[in-house]
Amino acid sequence: MDDLDLSADLTPPLRRRLRAARRVVAFTGAGVSQESGLATFRGGREALWQRARPEELATPEAFVRQPRQVWQWYADRHRTAAAAAPNPAHHALVRFAGLFPSFLLVTQNVDGLHQRAGSRDVLELHGTLRAARCHACGRRMEMHEALRRSPDEPPACACGGLFRPAVVWFGEALPAAVLERAMAAAARADLLLAVGTSASVFPAAGLIELAHRGGAAVIEVNPRPTAFSALADLRITAPAGVGLPALEEEVRRCRRAPS
Ligand code: BV8
Ligand code: ZN
């Protein structure tokens, strides 16, 4: 599937909303990095969780119980993310930022590909794989430095604690300021793009409902349905690397048209 023609999918009311939209939020999940070769968490054959269940690896309890295994899983994901390249979906989102007066990219991903594609001011709700932090005192270090020092087990901190990836695990609170900013933007948005997310993890997934309740148009870009598909004003059932450039084409057409 190369070019996708969405012209028949956009109703006149939706076109009017796209033309008038001023405040836009893009909310992304693992699916936006799938075409970069990174495994998603659920669904696909290669899904990360099929090899290991979330509670086994992405929780503080797992880290305390089996620090080496958790560290090695993230070391592996850091290596694959560092070797991956942003795909057309990431690049399209960089261009989207220039189409509206206000645009905010909120991601659940920890792979840093949005930033490497050139997106600025990315809100990382679930932290980042590019940094490590001490599980006891919070001291931070670049992940590549932590892995250089200790590829097979978590490096020890001067405080006696162990370094862990600076991601948010299940049962851990999301960074409060980041979540508040994302929620405030979603509640005021005219348009929310939900791209490549199963919308199955909270409180992040709550952003979609929040935007919808605030009156935003919701566009979902995902080859498969999700729990929030019913809220969507438009569902683009295609890979994000195909669907987003096609949507960008329609948005440019709507916003060039005389108001
Ligand atoms: C919290 C970071 C409370 C690490 C992740 C019991 C105890 C505590 C909490 C809970 C509990 N039970 C439930 C909860 C809430 C829990 C939760 O939501 N659980 C779920 C499973 C029900 N949430 C939490 O624990 C959160 N914290 O509640 O703390 C608290 C409050 C105050 C004080 C203390 C505590 C923390 C949640 C964050 C967990 N961390 N990751 C890491 O990455 O390893 S979650 C993990 O799943 C990823 O971050 C990911 O972002 C997230 C969601 O997954 P998606 O990104 O959506 O990816 P997924 O694979 O699911 O879907 C991919 C989609 O893409 C699919 O729909 C597919 O169709 C589509 N796709 C595929 N290819 C493409 C595509 N789309 C487009 N193009 C393609 N090419
Ligand atoms: Zn420490």
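This is a predicted model: local features need pLDDT of at least 70, side-chain atom pairs count only at pLDDT 80 or more; totals for chains, interfaces and linings use all residues.
**View 1**

View 2. For orientation, the ideal angle for four tetrahedral donors is 109.5 degrees. Are Cys-134 and Cys-157 buried or exposed? Cys-134 has a relative accessibility of 1% and therefore counts as buried; Cys-157, at 7%, counts as buried too.

**View 3. An aromatic cluster built from four residues.** Phe-63, Trp-73, Tyr-74 and Trp-169 form one aromatic cluster. In the model, the count of aromatic pairs comes to four. One of them joins Trp-73 and Tyr-74 edge-to-face, with 4.8 Å from centre to centre and 70° between the planes. Tyr-74 also pairs with Trp-169: their ring centres are 6.1 Å apart and their planes stand at 50°, so this pair is tilted. Tyr-74 lies in helix H5 (residues 67–83) and Trp-169 in the loop between E6 and helix H9 (176–188), so the contact ties together parts that are 95 residues apart in sequence. The relative accessible area of Tyr-74 is 3%, so Tyr-74 is buried. Trp-169 counts as buried at 2% relative accessibility, and Trp-73 does at 11%.

**View 4. Arginines over tryptophan rings.** Which residue places its charged end over the ring of Trp-73? That is Arg-77, 4.7 Å from the ring centre. Over the face of Trp-169 you will find Arg-164, at 3.8 Å from the centre of the ring.

**View 5. Helix H5 from end to end.** Helix H5 has 17 residues. From its first C-alpha to its last it reaches 24 Å, close to the 24 Å expected at 1.5 Å a residue. Which residues of H5 are buried? They are Val-70, Trp-71, Trp-73, Tyr-74, Ala-75, Arg-77, His-78 and Ala-81.

**View 6. Strand E2 and its parallel partners.** Five of the six residues of strand E2 (residues 102–107) are buried, so the strand is largely enclosed by the rest of the structure. How many bridges join strand E1 (residues 23–28) to E2? There are six, and these strands run parallel. To find your place in the pairing, look for Val-25, whose bridge partner in E2 is Leu-104. E2 also pairs with strand E3 (residues 122–124), in the parallel sense and over three bridges. A handy landmark for that pairing is Leu-105, which stands opposite Val-122 in E3.

Note on methods:
Residues are numbered from 1 along each chain as its sequence is written. Chains are lettered from A and ligands numbered from 1 in the order in which they are written. Side-chain values use heavy atoms; hydrogens and water are left out. Buried means under 20% relative accessible area, exposed over 50%, partly exposed in between (1.4 Å probe, protein chains only). Rings of Phe, Tyr and Trp (its six-membered ring) pair if their centres lie within 6.5 Å; planes under 30 degrees apart count as stacked, over 60 as edge-to-face and the rest as tilted. Helices (H or I, at least four residues) and strands (E, at least two) are DSSP runs, numbered from the N terminus. A charge sits over a ring if NZ of Lys or CZ of Arg is within 6 Å of the ring centre and within 35 degrees of the ring normal. Two strands pair if DSSP finds at least two bridges between them. The expected span of a helix is 1.5 Å times one less than its number of residues.
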